[in-house]
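Work through the exercises below with the sequence and the coordinates open. Try each task before reading its solution.

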Amino acid sequence: MKKAFILNDVALLFVLLLLGGTLQAQVAVQHKLSPVDKAKIDSLMNQMTLEEKLGQMTLFASGWDVTGPVVGTNDKKLIMEGKVGAILNAYTVDYVRDLQRMAVEDSRLKIPLLFGYDVIHGHRTIFPIPLGQSCSWNLKMIEDAERVAAIEATAEGINWTFAPMVDIARDPRWGRVMEGSGEDTWLGCKIAAARVKGFQGNDLKANNTLLACAKHFAAYGAPQGGRDYFTVDISQLTLYESYLPPYKACSDAGAGSIMTSFNEIAGVPSTCNKWLLTDLLKKEWGFKGFVVTDWTSINELVNHGVAENNKDAARISLNAGVDMDMCGKTFLDYGTELLKEKKIGMDRIDEAVRSILEAKAMLGLFDDPYRYCDKSRQEKEVMTPDHLSLARKMVSESCVLLKNPGHMLPIPEKAKTIAIIGPLGDSRKDMLGSWSAAGKWEQSVTLLEGIKNRTGDKTEIIYEKGCNTNDNDRSGFEAAVKAAVKADYVILALGENSWMSGEAASRTSIDVPGVQNELAEVIVNTGKPVVVVLFNGRPLAITKLARQPVAILETWFGGTQAGNGIADVLFGDVNPSGKLTMTFPRNEGQIPIFYNVKNSGRPYNPADSGAKYVSRYLDGPNDPLFPFGFGRSYTSFIYSNLAASVDGHKINITVQVANEGEFDGEEIVQLYIRDKVGSITRPLKELKGYQKVLIKKGETKTIAFSLTTDDLAFYHPDLKKYWEPGEFMVFVGTNSAETLSTSITVE
Ligand code: NOJ
């Protein structure tokens with residue numbers, strides 16, 4: 001075992017001061033209140049009655065876009081009485097202005113409302129689902145997309161988004177994997193921070209930035225069996241190491257709010273977890289925003305069995321650190337009684353109210369409550385050509401080429417008749433994917449349209465649906481086969497309907513549903529070249545499909561510009577560069593499956609395939625169908641000359657990547673490490689860096705990475721994070737499985 005590297009006390013203090021300083025500085029950018037705002041808040045706090053304070057801590061749903069039980073929906077009387085702090089699911093300037101007017105003209109203290117909405121992957125211009133976006137590994141583009149989402153949402157009255165969703169997820173049965181950035185914590189943190197920055201910009205008072213809400217705190221992405229809303233039970237070390245960092249990244253990036261998760265962790269539901277909400281988040285991390293619950297998750301504490309009734313639930317969640325109740329109305333209903341009975345304290349209420357008023361001040365709502373109600377912006381700044389072109393570019397960067405035997409893609413010029421076959425080939429309703437905010441599915445571009453837009457009259461395009469997405473009707477097979485026979489190239493559009501992923505959309509089987517595999521088989525049997533275009537909100541277990549001699553392009557749900565962006569890739573205008581951020585299993589039996597696993601005392605060695613008493617399955621391989629980081633290109637990248645050296649606390653790594661194929665292309669060069677011997681076990685590989693680089697056909701580039709010893713640190717059983725000297729493996733490659741490796745010793 002190696003000796004632990006521990007900083008001496010003086011050095012530690014210095015480092016902490018330094019880190020603390022940077023952290024405070026970052027947070028301060030977003031959370032700085034002007035003296036005028038401070039005075040305004042102090043004066044309101046002095047004037048507010050208890051009921052008005054409890055009202056600020058209450059979030060009601062308008063009747064639009066309901067995803068749970070509604071308590072006191074749209075209760076306008078309560079707004080006028082100053083007993084509502086925020087509204088969700090209300091947008092468009094007229095509607096928001098009307099509700100805001102009741103708050104600032106008819107209520108006693110004229111405190112403006114927050115307007116929250118699930119702006120998850122765009123507002124009107126819908127971008128690819130977040131899981132798809134993450135496959136671009138393009139942080140700048142992700143930030144830009146959130147900027148566009150913020151511009152459009154604020155043009156329609158919204159000033160608070162329930163995003164980013166930063167739950168690490170390693171179980172594709174869980175429908176909400178589509179909302180996150182996949183399985184890797186390191187990448188998840190980078191994307192989380194980029195999203196917060198995109199939403200909040202540099203100035204929350206600008207009329208086109210909105211308050212972010214990191215969610216779902218914490219570990220909502222690890223429900224047992226992949227079943228939504230279900231129990232989470234993970235070790236404390238795994239929680240610290242894998243699940244908590246993305247929420248912390250949002251807090252450090254200045255996110256203005258955070259949402260509690262529905263689940264429990266080790267017996268304590270997040271909504272009443274004092275350690276999580278107060279000790280860790282507010283005290284240790286120094287989170288400066290406010291804590292909102294998820295939809296009626298206070299009331300649900302009764303079902304969890306930790307509260308006798310709603311009143312009891314209000315007591316424990318308020319005391320745990322919740323500041324605002326989403327849709328449960330428990331603070332308003334029971335706060336007064338609870339205070340009289342001394343079961344909650346005025347200090348806690350004041351702290352909660354102040355944090356909410358601060359958010360309103362930071363958004364500039366006290367200066368101008370109608371700041372986000374500018375009709376001319378609603379007309380001019382929504383779905384602009386620039387927004388649509390960014391969305392289109394993002395579709396093509398999110399696509400992941402899973403297979404391309406015999407260079408079937410890009411579609412050759414000589415293909416004069418193309419058949420598009422499959423239930424998702426012209427399915428406008430499915431292009432946006434789940435959580436599509438105010439996006440109108442009628443305005444989305446289908447695959448058929450995208451292809452027609454690209455080919456014009458030069459090519460004959462035939463379309464046959466073949467079958468539905470999720471039933472047993474094979475009556476369309478015959479016509480589909482006829483279409484394939486007539487064509488000289490076939491595009492098979494298969495996958496899930498958009499409602500098959502998202503909230504409350506877990507699946508036990510994650511194969512392509514219905515009879516789509518059979519459709520693929522009969523079409524392949526025609527002998528025509530076939531490319532499968534997949535639409536789905538989660539990794540699918542497409543083992544059967546992948547055995548067919550077809551090319552497969554993963555496109556997720558691309559949003560408003562889906563068809564155009566996919567056509568850009570299919571015809572080679574864009575060379576695909578996306579890489580999976582979630583592992584694709586061979587079958588459901590392998591789940592949970594992710595790349596950064598630990599070794600076993602009895603590891604399986606594929607070279608010794610007869611071995612019995614080793615960590616393996618009897619009926620299938622351990623390795624996935626497609627690993628984390630996987631994605632092919634139309635060109636071939638060859639890696640060579642990996643070198644790593646240590647210079648004090650710096651680690652320098654270089655590798656050469658040559659483009660030896662026929663196309664210019666972007667490659668995401670990935671860097672992983674492994675701590676060979678630790679005081680506790682460490683993952684076989686951990687992502688520590690990447691670079692997305694354009695390498696021209698025939699060109700070789702030297703890619704350099706630089707790490708410091710801090711990048712080698714990990715949490716120990718005492719929850720301290722530090723690195724241990726010794727030998728480290730360094731891997732660089734095109735995905736987490738195909739890498740070159742070398743080793744270094746760091747003292
Ligand atoms: C429930 C979801 O879990 C959460 O993510 C969402 O923000 C709220 N509903 C509001 O729609």
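A residue counts as buried under 20% relative accessible area and as exposed over 50%, with partly exposed in between. The model is predicted. Its mean pLDDT is 94, and 94% of the residues reach 70 or more.

**Exercise 1. Classify the ring pair Trp160 and Phe162, and state whether each residue is buried or exposed.**

Solution. Begin with the accessibility. Trp160 has a relative accessible area of 0%, so Trp160 is buried. Phe162 has 1% relative accessibility and therefore counts as buried.

Now set up the ring geometry. A pair of aromatic rings is described by the distance of the centres and the angle of the planes. The model holds 19 aromatic pairs, counted with centres within 6.5 Å. Take Trp137 and Tyr690 as a worked case: their ring centres are 5.0 Å apart and their planes stand at 90°, so this pair is edge-to-face.

**Exercise 2. Which parts of the chain does the pair Trp137 and Tyr690 tie together?**

Solution. Locate each residue. Trp137 is in the loop between α6 (130-134) and α7 (139-154), while Tyr690 is in strand β20 (residues 686-695). The pair therefore ties together parts that are 553 residues apart in sequence. Next, check burial: both Trp137 and Tyr690 are buried. Finally, look at the surrounding rings. Trp137 and Tyr690 belong to one aromatic cluster together with Trp186, Tyr595, Phe628 and Tyr672.

**Exercise 3. Find the charged groups that sit over the rings of Phe230 and Tyr613.**

Solution. For Phe230, the charged end of Arg227 sits over the ring, 3.8 Å from its centre. For Tyr613, Lys612 lies over the face at 5.6 Å from the ring centre.

**Exercise 4. Describe the surroundings of His123.**

Solution. Then list contacts, setting aside neighbours within four places in sequence. Among the partners of His123 are Tyr91, Tyr117, Glu152, Glu156 and Ile158. Partners of His123 also include Ser436, Ala437, Ala438 and Gly439.

**Exercise 5. Where do the buried residues of helix α20 lie around its axis, and what covers them?**

Solution. List them: Gln516, Asn517, Leu519, Ala520, Ile523 and Val524 are the buried residues of α20 (residues 516-524). Look down the axis. The buried residues of α20 fall within an arc of 160°, so they line one face of the helix. Recall the helix repeat: an α-helix has 3.6 residues a turn, so residues three or four places apart point the same way. Now identify the cover. It includes β12 (417-421), α19 (477-486), β14 (489-495), β15 (530-535) and α21 (543-547).

**Exercise 6. What does the side chain of Thr185 reach, and what does the side chain of Ser743 contact?**

Solution. Thr185 is in helix α8 (residues 185-200). With a relative accessible area of 9%, Thr185 is buried. Its side chain reaches the backbone oxygen of Ser242 at 2.7 Å. Beyond four places in sequence, contacts of Thr185 also include Ile168, Glu241, Pro245 and Pro246.

Ser743 is in strand β25 (residues 739-746). At 34% relative accessibility, Ser743 counts as partly exposed. Its side chain makes a polar contact with the side chain of Glu727 at 3.0 Å.

**Exercise 7. Which backbone features involve His216, Pro410, Ala219 and Asn641?**

Solution. Check omega. The bond from Lys215 to His216 is cis, with omega near -5°. His216 is in strand β5 (residues 213-217). Leu409 and Pro410 are also joined by a cis peptide bond, with omega about -5°.

Check phi. Ala219 is not a glycine, yet has a positive phi of about 60°. At 0% relative accessibility, Ala219 counts as buried. Asn641, in strand β17 (residues 637-647), has a positive phi near 55°. At 55% relative accessibility, Asn641 counts as exposed.

**Exercise 8. Over which residues does pLDDT stay under 50?**

Solution. The stretch is residues 1-29. The model has 31 contacts beyond four places in sequence for these residues.

Notes: Residues are numbered from 1 along each chain as its sequence is written. This is a predicted model: local features need pLDDT of at least 70, side-chain atom pairs count only at pLDDT 80 or more; totals for chains, interfaces and linings use all residues. Side-chain values use heavy atoms; hydrogens and water are left out. Rings of Phe, Tyr and Trp (its six-membered ring) pair if their centres lie within 6.5 Å; planes under 30 degrees apart count as stacked, over 60 as edge-to-face and the rest as tilted. Helices (H or I, at least four residues) and strands (E, at least two) are DSSP runs, numbered from the N terminus. Buried means under 20% relative accessible area, exposed over 50%, partly exposed in between (1.4 Å probe, protein chains only). A charge sits over a ring if NZ of Lys or CZ of Arg is within 6 Å of the ring centre and within 35 degrees of the ring normal. Contact means heavy atoms within 4.5 Å. The arc is that of the directions from the helix axis to the C-beta atoms. A polar contact is a pair of N or O atoms within 3.5 Å; within protein, one must be able to donate a hydrogen and the other to accept it, and residues adjacent in sequence count only if both atoms are side-chain atoms. pLDDT is the predictor's confidence in each residue, from 0 to 100.
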